[in-house]
Amino acid sequence: MSLGFVSCSDDDGPDSRLVEIGFEGGSNILAGPTSYGANLYYGYDGTQFTEAEFPVTDDVKLHIGINESVWSGEIDFYGGGMALSQWNIRTNPADKTAADWWYSYQNQCSVYNLQSGDGTNKGAGAGGSDTFVIANGYSDPNSMSSSSRMYFTGKAEFQAVGIDVCNSSYVYGVLMNGNPYGNDAGKNIKEAEGWFKAEFYGFDSEGNPTNGGNPVEFYLCDYRPGSATYTETVSKWTNCDLRALGKVNAIEINFKGSDTGAYGLNTPAYVCLDNFTVSVDAAN
């Protein structure tokens with residue numbers, strides 16, 4: 001298991017401290033054996049990744065994992081979920097020569113982080129760490145996947161503080177090179193004046209929504225003229241402030257975007273996450 005980095009802080013009062021869960025180390029299975037992540041799927045000929053947990057306090061852990069797929073009824077990345085990865089845009093294999101390979105589903109577990117080590121599977125995470133979370137899936141009436149979710153064991157609740165966010169290589173490439181299956185075929189997201197965002201929803205230990213059911217929104221890009229949330233396509237780790245969610249037991253991630261059709265989102269529903277920070281009672 002990966003121990004979170006712990007620091008003291010007076011920001012949330014003298015009886016609290018900040019705990020940062022960085023998803024590093026331990027014996028957890030990483031997405032592989034390539035950046036497609038075949039071991040995230042049911043029937044993989046080897047050890048499949050299904051879930052992982054990370055210490056928060058002495059008796060509480062943060063749980064992440066893969067959802068059950070409506071296609072197979074099995075734990076399977078087709079159904080969405082969260083997995084651990086170290087793949088990055090600088091570790092494309094030499095045998096992949098197609099110019100658009102790096103922004104295809106075959107590279108779905110890779111983060112678009114140009115600051116990571118060139119030719120090595122190192123330094124892809126926030127702050128130069130190695131391991132991060134790849135989150136996949138969203139929920140709407142047309143989606144065949146479900147939103148990814150992380151939660152604290154034992155129905156524990158902690159004040160959400162923040163999380164580092166970055167685009168995946170797959171999403172970044174589709175946004176910047178255009179989606180041939182989208183509404184704006186032939187245009188990239190900037191030319192189409194479009195947008196794409198991740199939404200973080202909080203839930204308490206009884207499953208009730210926090211923050212009045214409203215999410216914290218993080219724009220992965222927003223090219224609408226005059227938009228108050230105008231954002232160049234995110235290409236580096238950026239902190240998302242989650243404090244508006246309050247005390248949470250679970251956080252779910254959904255996606256919305258301008259490139260949406262009769263069958264839901266055309267933009268791939270992925271985001272990379274690292275360094276989830278919460279405020280806990282100093283006695284824990």
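Tutor: Start at phenylalanine 255, leaving aside its neighbours within four places in sequence. Phenylalanine 255 is in contact with Gly137, Tyr138, Phe196, Lys197, Ala198, Leu220, Leu265, Ala269, Tyr270 and Val271, where contact means heavy atoms within 4.5 Å. The model is predicted, so local features need pLDDT of at least 70 and side-chain atom pairs count only at pLDDT 80 or more, while totals for chains, interfaces and linings use all residues. Residues are numbered from 1 along each chain as its sequence is written, and side-chain values use heavy atoms, with hydrogens and water left out.

One of those contacts, Phe196, is also a ring partner. The structure holds 15 aromatic pairs. The ring centres of phenylalanine 196 and phenylalanine 255 are 5.6 Å apart and their planes meet at 5 degrees, so this pair is stacked. It joins distant parts of the chain, with phenylalanine 196 in strand β9 and phenylalanine 255 in strand β13 (residues 250–257), 59 residues apart. (Rings of Phe, Tyr and Trp, the last by its six-membered ring, pair if their centres lie within 6.5 Å; planes under 30 degrees apart are stacked, over 60 edge-to-face, and the rest tilted. Strands, E, have at least two residues and helices, H or I, at least four; both are DSSP runs numbered from the N terminus.) Both phenylalanine 196 and phenylalanine 255 are buried, that is, under 20% relative accessible area, with exposed over 50% and partly exposed in between (1.4 Å probe, protein chains only).

(A nonpolar core is a set of buried Ala, Val, Leu, Ile, Met, Phe, Trp, Tyr and Cys residues joined through side-chain atoms within 4.5 Å.) In soluble globular proteins, nonpolar side chains tend to be buried together.

Most residues other than glycine have a negative phi. Asparagine 275 is buried, with a relative accessible area of 13%. Asparagine 211, in the loop between β9 and β10, likewise has a positive phi, of about 55 degrees, without being a glycine. At 30% relative accessibility, asparagine 211 counts as partly exposed.

Strands β9 (195–203), β10 (216–222) and β16 (270–281) are among the elements that cover the buried residues of helix α1. This helix, residues 169–177, has seven of its nine residues buried: Ser169, Tyr170, Val171, Tyr172, Gly173, Val174 and Leu175. Just after α1, glycine 178 takes a positive phi of about 90 degrees.

Helix α1 also faces open space. The largest pocket holds about 880 Å³ of space. It is lined by 33 residues, of which Tyr105, Tyr170, Asn266, Pro268 and Tyr270 are closest to its centre. Helix α1 gives the most to this lining, with three residues. The lining residues divide into 20 nonpolar, 12 polar and one charged. (Ala, Val, Leu, Ile, Met, Phe, Trp, Tyr, Cys and Pro count as nonpolar, Asp, Glu, Lys and Arg as charged, and the others, Gly among them, as polar.) Tyr105 is also part of a cluster that ring pairs make with Tyr36, Tyr41, Phe77 and Tyr78.

On a 1 Å grid over the protein atoms alone, a cavity is a set of points where a 1.4 Å probe fits but cannot get out, whereas a pocket is an open set with protein on both sides within 12 Å along at least five of seven lines; lining residues have an atom within 4 Å of a point. Points are joined across faces, edges and corners, and a volume is the space filled by probe spheres set on them. The count comes to one cavity of 30 Å³ or more. The largest cavity has a volume of about 120 Å³. Among its 13 lining residues, Val174, Asn179, Lys187, Ile189 and Asp259 lie nearest its centre. The lining divides into four nonpolar, six polar and three charged residues.
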